[in-house]
Amino acid sequence: MLPKISSAFLNVTNSCNLACRYCFVEQAPERMELQTAKDAADFLAANAGQDTPSINFFGGEPLLMWDELISPLTDYVREKYQRFDLSMTSNCTLLTRERAEYMREQGIGLLFSMDGDRRSQERNRPLRGGGSSFDVLREKIPLILEYFPDVMFRSTVTPETAGDLFHDMMFAERAGFRTFFTMPDSFAAWDGTEPLEEELRRYSEHYADCLERGEEPIYFTQMEKFFRKILTRNRAIREGQRREFRSCRACGKCGLGAGRYAGINLNGDILACQEFFSRSDRKFVIGNIYTGVDDERRDALCAEYDGESVCGDDCASCPLDRICDGGCVANNYMISGRLHRMPDICCRWDRLLLRESVYLMDRLGRTGNAGFLERWKRYVA
């Protein structure tokens, strides 16, 4: 039986004050009504049972809706419910001290989107009205870290900025961020991965050098996850398994509406993935907060995913084939029209992360580096 949906990305607006070159949102001056947001919160809370319901304010740029929706909805939720997790995905250009203070007081978490130092940020994420978003954020980064010291620096790397990836990581580290996340733009035309290979190795050398000196580098979250994936792959080889793990099947995937997570659109529609908020394709609409969830549609999506094997770039020789989870289902579908066809750049990216994780395990594990072994305990636990 599929779990009830109790956590959601809440699409508060399709508007944004940036004009990111790779954005998947079709910009429109559409906004969610406060009453719809309250009804969405009530819907999630009613479904939660023993779980804690949650909302991530999403867009567009959610801070555009601070006064109209975010602040009053937060007050509503905090007054009505004992437990309710709140967070926000934001470019933070509209963050003020007053808003940061309120977010901290009300327990609203933050995922911060920025692509790096000036060259990458201005290339990928200009202000919609023209001008430099980097200049705006340079003044706000100390404020962000003051109120959200553990916030992740989340970026997208494009073919034009791939050669600056390590530089952008070090920009984030020098600014004071502790964790970094990036993904290659899967919609872009990638001629090759050489710049990514070089930049990731530069990061690996930095990572190892820091731990060998007893210092903490900025941690690249995807590479950290690959340490555990190596263990999973070894287990699959040892047990003769091939894609038998839950994360390889529909009910273990995000983006299919098979779990307790979904997206809630401006009109109350429930979507299996938030990346379809501004698109006309109804395939991933699995209900509405006013009429309920259509589990038959959820089951159909799961069956469609499970009915065909994941495929990508050279699966036969891929060292991750045994544990491949198919990547981002939404991106797969938007690029190829198929849930199972991974973009080649995503396959190659994963193999690069595997390569670097093996390199670090060999270099730091073989010498018994204390800092690395302490982190390793998290993966074998």
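Which side chain meets Arg178 in a salt bridge? In this predicted model, the partner is Asp150, at 2.4 Å from N to O. The pair links distant parts of the chain, 28 residues apart. Arg178 sits in the loop between H6 and strand E6 (179–184). Asp150 sits in the loop between helix H5 (133–147) and E5. Arg178 is partly exposed, at 49% relative accessibility. Asp150 reaches 57% and counts as exposed, because the exposed class begins over 50%.

A total of 33 salt bridges was counted. One of them joins the side chains of Glu160 and Arg123, at 3.3 Å from N to O. Here the partners are 37 residues apart. Glu160 belongs to the loop between strand E5 (152–157) and H6, and Arg123 to helix H4 (residues 118–124). Both are partly exposed: Glu160 has a relative accessible area of 49%, and Arg123 one of 28%.

A further salt bridge, at 2.8 Å from N to O, pairs Lys283 with Glu304. Lys283 lies in the loop between strands E9 (269–271) and E10 (285–288), Glu304 in helix H9 (residues 295–306), so parts 21 residues apart in sequence are tied together. Lys283 is partly exposed at 24%. Glu304 is partly exposed at 33%. Elsewhere, shared partners join Asp313, Arg341, Asp344, Arg348 and Arg351 into one salt-bridge network.

Helix packing was also examined. Helices H6 (residues 165–175) and H7 (residues 194–212) pack at about 35°, with axes 8 Å apart. H6 contributes Leu165, Phe166, His167, Met169, Met170 and Glu173 to the contact. H7 contributes Leu196, Glu199, Leu200, Arg202, Tyr203 and His206. The contact residues comprise seven nonpolar, two polar and three charged.

Terms used:
Residues numbered from 1 in each chain as written. Predicted model: local features only at pLDDT ≥ 70, side-chain atom pairs only at ≥ 80, totals over all residues. Heavy atoms only, no water. Axes fitted to C-alpha atoms, helices over the stretch in contact; angles between N-to-C directions. Helix = DSSP H or I, 4+ residues; strand = E, 2+ residues; numbered from the N terminus. Contact = heavy atoms within 4.5 Å. Nonpolar A, V, L, I, M, F, W, Y, C, P; charged D, E, K, R; others polar. Salt bridge = Lys/Arg side-chain N within 4 Å of Asp/Glu carboxyl O. Buried < 20%, exposed > 50% of the residue type's maximum accessible area, 1.4 Å probe, protein only.
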